[in-house]
Amino acid sequence: MLVQPDFTEVAEEISPGTYRGVVKSVKEASWGEGKPYLNWEIETVGETDPKNNGRRIFHKTATSGKGAFMLQKFYKAATGEPLKGPFNTEQLMGKQIILEIVDGVNRTTGQPSGYIEVKNVRPVV
């Protein structure tokens with residue numbers, strides 16, 4: 001099969017660093033073991049380098065287990081309030097947060113994954 005891709009709209013990858021982002025959407029999903037998580041879509045804004053504005057970054061937060069602390073951090077960064085129980089994800093849409101982006105690492109091999117990942121989130125101050 002011959003495939004003729006069109007790369008004219010492909011932007012270069014966003015570099016590791018710290019970015020301001022706006023929460024745009026969220027989808028529920030689960031890891032292979034059936035463990036649920038939320039996959040947040042965040043769009044970068046307010047960057048001095050125009051190529052870094054409007055970039056989509058995805059951040060996964062577990063909704064149960066040891067990794068659920070990331071959901072607590074995400075919620076507090078977006079709202080300023082601690083997460084103590086059920087909440088409506090709609091209340092986070094449009095909220096701004098600060099994202100620390102790093103080069104990802106394959107957790108099985110310890111080698112670079114080739115993808116970026118969100119290392120930390122914090123409130124906009």
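## Glu-41 and its contacts

Leaving aside its neighbours within four places in sequence, Glu-41 is in contact (heavy atoms within 4.5 Å) with Val-22, Val-23, Lys-24, Ser-25, Arg-56, Ile-57 and Phe-58. Glu-41 sits in strand 2; strands here are DSSP runs of E with at least two residues, helices are runs of H or I with at least four, and both are numbered from the N terminus. With a relative accessible area of 16%, Glu-41 counts as buried. Buried means under 20% relative accessible area, exposed means over 50%, and partly exposed is in between, using a 1.4 Å probe and protein chains only.

A word on where this comes from: the model is predicted, so local features need pLDDT of at least 70 and side-chain atom pairs count only at pLDDT 80 or more, while totals for chains, interfaces and linings use all residues. Residues are numbered from 1 along each chain as its sequence is written, and side-chain values use heavy atoms, with hydrogens and water left out.

## The chain as a whole

The chain has one helix and five strands, and from the N terminus on they run β-β-β-α-β-β. Taken along the principal axes, the C-alpha atoms fill a box of roughly 50 × 40 × 25 Å. Of the 125 residues, 27% count as buried. Among contacts between residues at least 6 apart in sequence, 44% join residues at least 24 apart.

## How the strands pair

Two strands pair if DSSP finds at least two bridges between them. Strand 1 and strand 2 do this in the antiparallel sense over nine bridges, with Val-26 standing opposite Trp-40 in strand 2. These two strands form a hairpin with five residues between them, and Gly-34 in the turn has a positive phi of about 80°.

Strand 1 also runs antiparallel to strand 4, joined to it by six bridges; here Gly-17 has Ile-101 of strand 4 as its bridge partner. Ile-101 in turn has Val-118 of strand 5 as a bridge partner. Strand 4 and strand 5 are antiparallel too, over eight bridges. Their hairpin has six residues between the strands, and Gly-110 takes a positive phi near 80° there.

## The nonpolar core

In soluble globular proteins, nonpolar side chains tend to be buried together. A nonpolar core here is a set of buried Ala, Val, Leu, Ile, Met, Phe, Trp, Tyr and Cys residues joined through side-chain atoms within 4.5 Å. The largest one has 19 residues, and Trp-40, Phe-74, Ile-97, Leu-99 and Val-121 have the most contacts inside it. Two or more residues come from each of strand 1 (17-30), strand 2 (36-44), helix 1 (69-79), strand 4 (96-105) and strand 5 (112-123). Helix 1 gives the most, with five residues.

Take Ile-97: not counting residues up to four places away in sequence, it touches Tyr-19, Arg-20, Gly-21, Ile-42, Phe-74, Ala-77, Ala-78, Val-121, Arg-122 and Val-124. Then there's His-59, found in strand 3 (residues 56-62) and buried, with a relative accessible area of 3%.

## The largest pocket

A pocket is an open set of points on a 1 Å grid over the protein atoms alone, where a 1.4 Å probe fits, with protein on both sides within 12 Å along at least five of seven lines; lining residues have an atom within 4 Å of a point. The largest pocket has a volume of about 1,100 Å³, the volume being the space filled by probe spheres set on the points, which are joined across faces, edges and corners.

Its lining takes in 32 residues, with Phe-58, Lys-60, Ile-116, Glu-117 and Val-118 nearest the centre. Strand 3, strand 4 and strand 5 each supply at least two of the lining residues. By class, there are 12 nonpolar, nine polar and 11 charged residues; Ala, Val, Leu, Ile, Met, Phe, Trp, Tyr, Cys and Pro count as nonpolar, Asp, Glu, Lys and Arg as charged, and the others, Gly among them, as polar.

Gln-4 comes in the segment before strand 1 and is exposed, at 74% relative accessible area. Gln-4 and Thr-48 are 44 residues apart in sequence and 35 Å apart in space, C-alpha to C-alpha.

Gln-72 is in helix 1 and is partly exposed, at 44%. From Gln-72 to Pro-86 the separation is 14 residues in sequence and 11 Å in space, again C-alpha to C-alpha.
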